[in-house]
Amino acid sequence: MLQTLKNAWKTVDIRKKLIYTLIILLLYRVGTVIPVPFVNATGFSASFGGTILDYLNTLSGGALQFATLFALGISPYITASIVIQLLTVAIPALERLAQQGEEGKKKINNLTRYATVILAVVTAIGYYFLLKNSGMITTRQGEGVLGAFVIIACYCAGASLVMWLGEKINENGIGNGISIILFANIISGLPGKIIRLVHLCVVGFNGDAPALWGTLSLVFALGYIVLLIAMVVFCVYVTGSERRISVQYAKRVVGRKMYGGQSQNLPLKLNMAGVMPVIFASSIISLPATIMAFCQVPTPSSWEKAEGFWQHVNFLLRSDGWIYPILLFVLIIAFSYFYIQISFNPVEVSNNLKKNGGTILGCRPGAPTADYIRKSLSKITLIGAFFLSVVAIVPIILVPLVMEPLVNAALAAAPDFILDVSYFTSSFAFGGTSLLIVVGVALELVRDIEAQLSMRSYKGFLN
């Protein structure tokens, strides 16, 4: 990867695209710190725990918790893209539009932009009332009609500007613009996590602290680093894995030339669904807690202290409990099969093979080939779903439910150190999802750079 980036930097055209992409990302990061009138979001992040707002805050690069101009981030655009993609499969008119080539793609992109603006307006209105109910609107003018219009308009403009920046990366930069911005948002939180880790070790090795504190803090830090590296290696290995189905093409004569007569592979990626099932599952499972946060339903510290039905539900679905990861596991598997069903059509693949004279060894063309591909895809989808579940759930279970209780039990008489451990582990509810996004975007970016390097270094016949 480092050698690829080095070679890309030496190529003038690619270097210009990389610099352009970095400038766009710099402009985006500037937008994440521009304040919005009438809003002071100090302490606003205290209401994020266990809700989808924590996840959206990660996707926005921390802008959501400070209620800045880009607080909505790229979430409206991502949601609009997913909705339009699903409607393209469900509505025949959109499906025909998608098959019209570049002209149809432009029309679908326009529909995605309109849907993004609509979702941004709806999200901005809900976000404004959340800020108002949380006491983040600091002036009386901000609570009036004009103030509400200004705040909502600022957030809608910010979401539209983020969409425009992503499209500019697509046109003049390198890689997928929205993916690159999402990658930068997640990476922007890395320095804060490093500072938390260093702070944990500093507290452990403080001169006034017992020797056991320093040992446990060092073990905790090293264990977390080793776990992170292992999960990155595991994600890279599984993301690049694929099931190759051998396809034999028959010989055919066209004019004076003979075509076919060769064997190729039909690759089925192990993680064909990508990170979408995790995003869907995390959003749905966090929806009840988010609604209760909007309705200001408190989260009790224990089952006995819960009052009423909704407080009991809020306690069961908290992110640091055991029911949350179990439901997340089930939903990830369900959404993995659902996403594959709408994004991959074995019948269409079988028909394309039949038209081109390709056959899978041991299968007749047509329906038997489609059934064979469908069975192979079902097995691969199950393995990929288990992979997504492991990566998404391990950070949730291991750190707050296993490692932190062990530290608390070992340091029952050290409340300061326990608070520091809780401070470090409080922001990792969606760590697995973020890791999948980072690894996937990084691999996609490297493949894009390698493809552009190959085009510029290919000499062809005439040289």
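Is R244 buried or exposed? Select R244 and have a look: with a relative accessible area of 54%, R244 is exposed. Keep in mind as you click around that this is a predicted model.

E242 is partly exposed, with a relative accessible area of 34%. Pairs like this turn up because side chains of opposite charge can pair when their charged atoms come close.

**Stop two: helix α9**

Now go to helix α9, which covers residues 145-172, and pick out K168 and E171. The two sit three residues apart in the helix, so about one helical turn separates them. Show their side chains and you'll find another salt bridge, with 3.6 Å between the closest N and O atoms of K168 and E171. E171 counts as exposed, at 53% relative accessibility.

**Stop three: helix α17**

Next, select helix α17, residues 367-410, and zoom in on D371 and R374. Here too the spacing is three residues, about one turn of the helix. D371 and R374 form a salt bridge whose closest N and O atoms are 2.8 Å apart. Colour the pair by accessibility if you like: D371 is partly exposed at 37%, and R374 is partly exposed as well, with a relative accessible area of 36%.

**Before you close the viewer**

Key:
Residues are numbered from 1 along each chain as its sequence is written. This is a predicted model: local features need pLDDT of at least 70, side-chain atom pairs count only at pLDDT 80 or more; totals for chains, interfaces and linings use all residues. Side-chain values use heavy atoms; hydrogens and water are left out. A salt bridge is a side-chain nitrogen of Lys or Arg within 4 Å of a carboxyl oxygen of Asp or Glu. Helices (H or I, at least four residues) and strands (E, at least two) are DSSP runs, numbered from the N terminus. Buried means under 20% relative accessible area, exposed over 50%, partly exposed in between (1.4 Å probe, protein chains only).
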